[in-house]
Amino acid sequence: MNDRIEEKPGFCVVGAKETVSRENGGNFTRIPQIWQELHQSGMSEKIAALIETEPMGLLGVCANYNDTGNTIDYYVAATTTTQQPPAGMEKLEIKAGTWAIFESVGPLPDALQDTWRKIYTEWFPTAAYTHAGGAELEVYADGDVKSADYRCEVWIPVNHK
């Protein structure tokens with residue numbers, strides 16, 4: 001896996017939020033549908049227009065894991081200094097910390113979903129890091145998301161063991 005560890009300051013994201021079930025991998029089905037719906041409605045362009053700070057690009061943010069209900073809040077968002085989110089959007093503060101950043105190469109959603117699986121089944125079991133809690137990010141670069149050489153990143157907050 002192509003990964004790196006970086007310290008990052010805190011930042012704010014603003015975007016569309018939906019609580020998604022993780023039951024039987026439902027998140028792997030629903031999240032691509034969310035993106036499709038936001039692209040079709042034009043909301044993803046409104047979110048992209050808010051991008052002001054690092055990480056640059058549209059973000060998929062997994063936050064507020066609820067193990068009892070087996071759900072997560074999933075945001076399609078942008079990093080911004082906007083204090084008041086526009087109508088239909090919500091704000092989430094991301095704390096400063098250490099991030100494990102993984103490159104994903106290939107067409108979406110399959111390449112990205114494969115990266116997530118490898119992070120949890122291959123990287124974490126052997127890494128010198130543990131999950132720090134908090135939001136996880138998918139950072140999407142411009143480009144053809146169906147291309148074999150499309151690149152995006154997964155950011156996971158970590159602590160050294």
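## The largest pocket

Of the elements that line the largest pocket, α1 gives the largest share, 7 residues, where helices (H or I, at least four residues) and strands (E, at least two) are DSSP runs numbered from the N terminus. The model is predicted, so that local features need pLDDT of at least 70 and side-chain atom pairs count only at pLDDT 80 or more, while totals for chains, interfaces and linings use all residues. Residues are numbered from 1 along each chain as its sequence is written, and side-chain values use heavy atoms, with hydrogens and water left out.

This pocket has a volume of about 800 Å³; a pocket is an open set of points on a 1 Å grid over the protein atoms alone where a 1.4 Å probe fits, with protein on both sides within 12 Å along at least five of seven lines, and lining residues have an atom within 4 Å of a point. A volume is the space filled by probe spheres set on the points. Among the 33 lining residues, Ile31, Trp35, Leu112, Glu138 and Tyr140 are the closest to the centre of the largest pocket.

## The nonpolar cores

The largest nonpolar core holds 34 residues, of which Ile47, Tyr74, Trp123, Tyr140 and Ile156 touch the most other members; such a core is a set of buried Ala, Val, Leu, Ile, Met, Phe, Trp, Tyr and Cys residues joined through side-chain atoms within 4.5 Å, buried meaning under 20% relative accessible area with a 1.4 Å probe and protein chains only. The largest share of this core, 5 residues, comes from α3. Apart from it lies another core of 15 residues, including Phe11 and Trp155.

Methods. Buried < 20%, exposed > 50% of the residue type's maximum accessible area, 1.4 Å probe, protein only.
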